[in-house]
Amino acid sequence: MKNRWVALAIIFLSFQQFTLNWFSIVPAFGGIVGDMEISFAEVGVIVGMFIAGYGIAHIPGGWLAEKYGMRMAMIMGIVVQTVGAALSGWAPNYEVLLFARLLCGIGGSIYIGSAIGLTAAWFRGKELALANGIIQGGGFTTGAAIGLFVWVPIIAAFGWRGGLLIGAAIGLVTLVFVVLLFPAPPSRSDDVIEGHHLGKESLRRVFGNPRLWIMGVAILGAYGSYFSAAQLLPSYAEMNLNVDSTASSSIGLILLLAGIPGGLIGGWLTDKVLGVLPTFLVACVIEAIAFLLIPHLGLFGLQLAAAVIGITLIAAFVPWVSIPGERDSGFHISDVPTAVGLMLSIAAIGGALIPPLFSKIAAVWDFDTAWRFQAALTFGCALIALFAMNRKSAKVSETQVAGG
């Protein structure tokens with residue numbers, strides 16, 4: 001009992017270095033633009049390179065975990081991301097900076113799949129969704145908030161290079177912490193430590209599982225719409241409500257920090273009240289309603305809507321990411337990083353395509369139409385999860401029949 005909470009605490013802390021070294025680049029943009037004399041469009045490429053590395057490495061990161069074990073893969077991910085963060089601070093030119101952010105994203109992708117897999121190894125059948133809620137809502141969100149807001153005065157004091165190098169140093173400290181203190185999972189999960197499970201059977205279990213593909217598509221609308229809101233809701237408030245930048249930026253902060261209670265709520269509902277798929281569906285439906293109401297809200301209403309969107313996306317994400325680690329999922333523990341990687345790769349389509357599509361609709365028609373589009377997309381994609389529910393029921397029935 002004690003060791004699993006120690007393991008979760010270490011994963012929680014390591015999650016913070018993961019998102020810190022993801023988002024700490026944002027306060028550095030002003031210094032980077034001045035030093036490297038790049039355009040705003042080139043700043044966007046810096047953001048895109050991390051996302052590209054993060055997106056392409058989900059499944060290969062899962063394969064590394066199956067080959068060498070999840071603990072080793074998690075350590076490898078922290079190493080690669082830390083090197084990428086250090087290289088970002090040292091980068092003598094724009095091209096090296098782009099490579100560094102790509103490397104940082106690859107390391108983060110390798111890390112996250114194994115971190116989720118190790119959480120499943122410790123908590124399978126024992127508050128798994130709550131454990132995922134703590135690391136996803138708490139660790140992920142806290143690290144992102146530190147990178148976006150706490151790193152502003154750090155970069156002001158030490159310069160953008162110094163700020164990024166401090167982030168890399170935190171990654172190095174986290175690495176030592178994980179190597180020395182992370183406890184070995186229970187004996188029934190030795191495959192987590194030893195690896196050597198990558199083969200045709202493991203690939204068939206993951207890529208031949210319809211439920212993973214269905215759920216990957218089911219969160220696509222909610223996931224991509226969340227990123228649209230995070231990026232564009234503050235600008236919408238400035239343009240349509242004529243509020244100042246301080247008031248509009250509060251909306252983005254509320255949306256981000258709302259993920260902390262969202263993770264706890266999603267975990268509790270999943271483990272204690274509704275179960276995986278009902279919690280996912282309820283959270284997505286509430287998120288869709290929030291998008292539908294945005295055109296009718298003032299500043300206070302938008303702040304409430306931002307809180308609801310932040311809570312419900314994470315509340316939906318927690319049971320969603322817990323699916324491969326469920327006791328009756330049909331997956332081995334060693335399959336979890338690849339299975340999560342597949343789901344995240346599908347969801348990333350929404351993260352990449354929906355924000356620019358939202359902007360296009362707002363430009364051609366208006367913001368009201370764009371928000372309604374996101375509401376419909378969030379709701380429509382979520383309903384696809386009903387097919388996964390049917391497959392789950394059928395699988396349970398087959399097991400009961402086989403058992404007599």
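In this predicted model, the axes of α4 and α16 cross at roughly 180° and come within 7 Å of each other. Angles over 145 degrees count as roughly antiparallel, and α4 is therefore roughly antiparallel to α16. On the α4 side the contact is made by H58, I59, G62, W63, A65 and E66. On the α16 side P337, T338, G341, L342, L344 and S345 take part. Sorted by class, the contact of α4 with α16 has 6 nonpolar, 5 polar and 1 charged residues.

One residue of this contact can be followed further. H58 belongs to helix α4, which covers residues 58–68. Buried means under 20% relative accessible area, so H58, at 4% relative accessibility, counts as buried. When neighbours within four places in sequence are left aside, H58 is in contact with P337, G341, L344 and S345, and also with S109 and I112. The residues P337, G341, L344 and S345 are also among those that α16 gives to its contact with α4.

A73 and G341 are 268 residues apart along the chain, and their C-alpha atoms are separated by 13 Å.

The axes of α15 and α16 are 10 Å apart, and the packing angle is about 140°. From α15 the contact takes F317, W320 and V321, and from α16 it takes V340, M343, L344 and A347. The residues of this contact divide into 7 nonpolar, no polar and no charged.

G105 lies in helix α6 and is buried, with a relative accessible area of 0%. Residues up to four places away in sequence not being counted, G105 touches F50, G53 and Y54. From C-alpha to C-alpha, G105 and G301 are 35 Å apart in space, with a separation of 196 residues in sequence. G163 lies in helix α7 and counts as buried at 0% relative accessibility. With residues up to four places away in sequence again left out, G163 touches W151, I154, I155 and F158. The C-alpha atoms of G163 and A65 are separated by 31 Å, and the two residues are 98 apart along the chain.

The largest pocket has a volume of about 1700 Å³. It is lined by 46 residues, of which F23, V47, F227, A230 and Q231 are the closest to its centre. The elements that give two or more residues to this lining are α1 (2–23), α3 (40–56), α6 (94–123), α7 (128–181), α11 (220–241), α12 (245–257), α15 (299–322) and α16 (336–364). The largest share of the lining, 11 residues, comes from α3. By class, the lining of the largest pocket has 33 nonpolar, 12 polar and 1 charged residues.

The second largest pocket has a volume of about 300 Å³. Its lining holds 20 residues, and those closest to its centre are T270, D271, V276, E326 and R327. Two or more residues of this lining come from each of α7, α13 (259–273), α14 (276–293) and α18 (385–402). In this second lining there are 7 nonpolar, 4 polar and 9 charged residues.

Definitions and conventions:
Residues numbered from 1 in each chain as written. Predicted model: local features only at pLDDT ≥ 70, side-chain atom pairs only at ≥ 80, totals over all residues. Heavy atoms only, no water. 1 Å grid on protein atoms, 1.4 Å probe; cavity = no way out; pocket = protein on both sides within 12 Å on 5 of 7 lines; lining within 4 Å. Points joined across faces, edges and corners; volume = space filled by probe spheres on them. Helix = DSSP H or I, 4+ residues; strand = E, 2+ residues; numbered from the N terminus. Nonpolar A, V, L, I, M, F, W, Y, C, P; charged D, E, K, R; others polar. Axes fitted to C-alpha atoms, helices over the stretch in contact; angles between N-to-C directions. Contact = heavy atoms within 4.5 Å. Buried < 20%, exposed > 50% of the residue type's maximum accessible area, 1.4 Å probe, protein only. Parallel < 35°, antiparallel > 145°, perpendicular 65-115°, else oblique.
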